[in-house]
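Hi everyone, thanks for making time. I'd like to walk you through one model today, starting with an annotated site and then moving on to some charged pairs.

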Amino acid sequence: MSETARTNEENKLPLNGRRAIPPNYSNDEENEVPEMEAFGLIPRGFNPRDYLRVVDIYMFKDPHEINKQEHHTDKYYNPRLIVRRGQAFQIQIDFNRPYKPETDQFWLEFLMGRYPQQNRGTYIPILVGNVLKPGQWGAKIIHRENNSIRLSIMSSTTCIIGKFRLYVAVLTPFGILRTRRNSATDTYMLFNPWCQLDAVYLDDEKEREEYVLNDVGVVFHGNVEDVKSRSWSYGQFEENILDACLFLMDKAELELSARGNPIKICRVASAVINSRDDNGVIAGSWSNTYDYGVAPSAWTGSVDILLEYYSSKQPVRYGQCWVFAGVFNTFLRCLGIPARLITNYSSAHDNNANLRLDFFLDDEGKVDTRLTKDSVWNYHCWNEAWMTRPDLPVGFGGWQVVDGTPQETSDGMYRCGPASVQAIKHGHVCFQFDAPFVYAEVNGDIFYTRMEKNGTQVVENVDTTRIGQLIVTKEVGGDGMMDITEEYKFREGSDEERLALETAVMYGVKKQSIQDTTYQPQTDVDMDFQAQKAVLGNDFKVTITFRNKSRNSYTATTYLSGNIVFYTGVTKSEFKKHSFSAKLEPSSSSSFDVVIKSSEYMSDLLEQASFHFFVTARINETGKILAVQKAVMLEIPTLRIKTKGELVAGKETSVIVEFTNPLKQTLENATLRLEGPGVLRTIKKQFGRIPMNSTLTWEVKFTPWRPGLRKLIASLNSDALRHVYGELNVQIQKP
């Protein structure tokens with residue numbers, strides 16, 4: 001754009017003494033580009049038709065054509081050209097006559113936003129040359145025929161991610177002639193994990209297929225002893241999802257010139273995924289009441305959430321950690337940043353980033369809920385994104401923790417990350433962003449502390465192994481679980497682990513040493529707690545086992561407290577209290593069973609059917625206290641999905657979803673959802689009531705449009721029962 005055009009443009013701007021042009025953070029807004037940009041007075045006889053003129057531009061943008069095939073963007077349900085940066089793509093230009101390189105001069109212009117500037121990377125002029133340099137903008141002619149030329153265009157490996165507008169400019173003696181604004185030639189530029197010079201380069205093809213191109217994933221939930229899994233549809237290639245993801249960066253007011261940097265994109269996205277302090281995508285609710293919204297457990301994927309937000313611009317209700325993580329994963333994979341969803345079992349949520357979670361006990365050894373502020377989440381989901389970290393010393397690139405669930409503020413907003421997994425493992429928590437918080441989530445110790453009447457605290461028991469004892473993600477190329485605990489921490493009790501802890505403490509993670517407090521545990525008696533596999537709606541039994549390794553006889557006053565909890569470890573109600581005296585013979589084990597009746601827990605049950613048992617035992621002879629806590633999950637019934645006949649792309653078929661109500665009560669307000677990326681859009685149906693022991697059958701007709709192995713995912717939600725899922729792998733034949 002010449003200086004005159006730019007001056008005219010800026011004359012219209014409101015004056016602002018601080019900056020020459022307003023902030024540029026909308027990918028959607030455009031400036032007007034003149035079709036004829038004159039150098040001065042135009043002579044009367046000038047006719048633009050006498051000069052080289054562009055008749056048509058062909059973008060090779062169909063899924064089967066060269067650009068989308070070579071750039072791995074053929075799955076995007078989007079009619080425009082989508083390419084990845086740092087890799088050549090082709091376009092064809094048809095002129096009104098054959099192109100003569102000796103006399104004709106033309107160039108390409110890529111523009112983004114309202115105030116394109118060359119030094120900001122939002123105005124990119126590309127001259128045609130003879131060679132393409134890797135990782136830099138350039139164009140060369142690879143084929144000439146009649147009035148047409150075919151160009152190979154190389155983009156920069158650091159260029160901005162988003163939607164560019166394309167113009168072809170032709171030089172004439174009296175001015176520059178440009179093509180008219182044509183949205184059909186708009187070009188989306190994405191990150192490129194296949195390109196060695198890109199900050200998100202990943203060298204393993206199987207991992208790229210999983211972490212960038214797979215549009216279905218698995219969320220692991222439940223607890224350590226009882227890992228449960230469910231599928232989640234990321235749907236990053238579905239219609240309008242790419243535009244919705246670009247809109248999130250506009251919403252976060254990320255300057256266009258910063259959008260080539262995956263670190264900045266992850267940081268602002270972790271804030272905009274949740275609605276706290278910026279009216280972001282999802283409103284969180286952990287209250288078990290979800291009026292005027294959808295219960296977090298009912299969602300089967302990210303697409304509905306992102307599309308609703310994109311159209312309404314208002315937070316979508318409601319989400320919990322796996323929903324935030326599922327949507328964040330869609331956002332990252334959609335833009336081309338390799339990403340995976342992580343589950344940390346027994347995740348410490350502690351209120352002051354020290355490595356100590358305090359559970360206060362009263363005189364009887366019961367947990368005092370009034371004083372206990374810290375909580376242990378049965379599990380917590382976050383994401384890892386893959387990128388280099390040029391802002392940190394060498395060695396801290398690779399997987400970075402990013403978390404969109406609002407827990408604590410970071411630099412004044414609810415966001416978390418990116419924090420290097422490698423830095424967390426080695427205790428180097430001084431490196432940005434939010435590493436101490438993540439370190440505490442996977443490394444805390446639980447202190448059981450008794451308050452004396454005079455206010456002194458006595459540490460009765462310390463559990464150093466429970467927090468972060470299992471960290472998992474979906475395996476590459478399958479639906480199984482991959483244990484990645486060792487990527488976050490050294491083996492419990494090893495020298496390296498102690499060293500990493502000392503390093504973290506040196507860098508400011510607060511840790512109270514046990515030496516500060518008088519603490520002599522009872523070492524000659526062990527207590528263990530086991531629960532029978534339990535199905536929702538049935539009675540089950542729990543067993544407390546003492547092992548007395550000494551030669552003394554002891555009696556233990558034992559107290560069992562059963563609580564119905566949110567998956568965040570926060571108690572809703574205590575439904576079971578049971579105390580007994582146990583006689584412990586020398587050098588022997590003794591077990592005690594307690595029956596938990598369904599009538600005791602059904603009325604208060606929360607959606608994840610999760611219990612938390614605290615067992616405390618006081619050895620009367622020594623006054624010492626043993627403490628153990630355990631989460632127990634009930635087995636929740638599943639949905640059955642069946643298909644009728646064979647499935648062929650483009651041909652109508654039907655699927656049947658069945659559910660049998662196992663409870664001794666009628667389910668009210670039942671809603672079913674069914675979706676499958678590439679197979680069918682989300683369908684919802686309300687069923688009102690499902691009487692006890694009755695079976696509901698729902699048949700859905702649909703036409704799958706993408707061949708290959710796909711997945712159908714269903715969920716059922718009702719007032720008394722949530723977290724009911726079913727899934728089915730289906731092979732869709734080519735027509």
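So, is N443 buried or exposed? Keep in mind that what we're looking at is a predicted model. N443 is buried: its relative accessible area is 14%, and the cut-off for buried is under 20%. The residue lies in helix α9, which covers 435-443. Leaving out residues up to four places away in sequence, N443 touches L355, I467 and K489.

Why pick that one? UniProt, in an unreviewed entry, lists N443, D445, E492 and E497 under "binding site". They're spread over 55 residues of sequence, yet they cluster in space, with a largest C-alpha distance of 13.6 Å. D445 is in strand β23, residues 445-451, and D445 is buried too, at 9% relative accessibility.

Okay, salt bridges. The count comes to 41. Let me show you a few of them.

R181 and E30 pair up at 2.9 Å, N to O. That one links distant parts of the chain, 151 residues apart: R181 is in the loop between β10 and β11, and E30 is in the loop between α1 and β1. R181 is partly exposed at 28%, and E30 is partly exposed at 37%.

Next, D104 and R97, also bridged, at 2.9 Å. Here D104 is buried, at 11%.

Then there's K549 with D526, at 3.4 Å. K549 sits in the loop between β28 and β29 and D526 in strand β27, so this pair ties together parts 23 residues apart in sequence.

Last one: D226, K228, K533 and E635 are linked in a salt-bridge network. That's my tour, happy to discuss.

Conventions: Residues are numbered from 1 along each chain as its sequence is written. This is a predicted model: local features need pLDDT of at least 70, side-chain atom pairs count only at pLDDT 80 or more; totals for chains, interfaces and linings use all residues. Side-chain values use heavy atoms; hydrogens and water are left out. UniProt positions are given in the numbering used here, feature names are shortened, and annotations may be inferred rather than shown by experiment. Helices (H or I, at least four residues) and strands (E, at least two) are DSSP runs, numbered from the N terminus. Buried means under 20% relative accessible area, exposed over 50%, partly exposed in between (1.4 Å probe, protein chains only). Contact means heavy atoms within 4.5 Å. A salt bridge is a side-chain nitrogen of Lys or Arg within 4 Å of a carboxyl oxygen of Asp or Glu.
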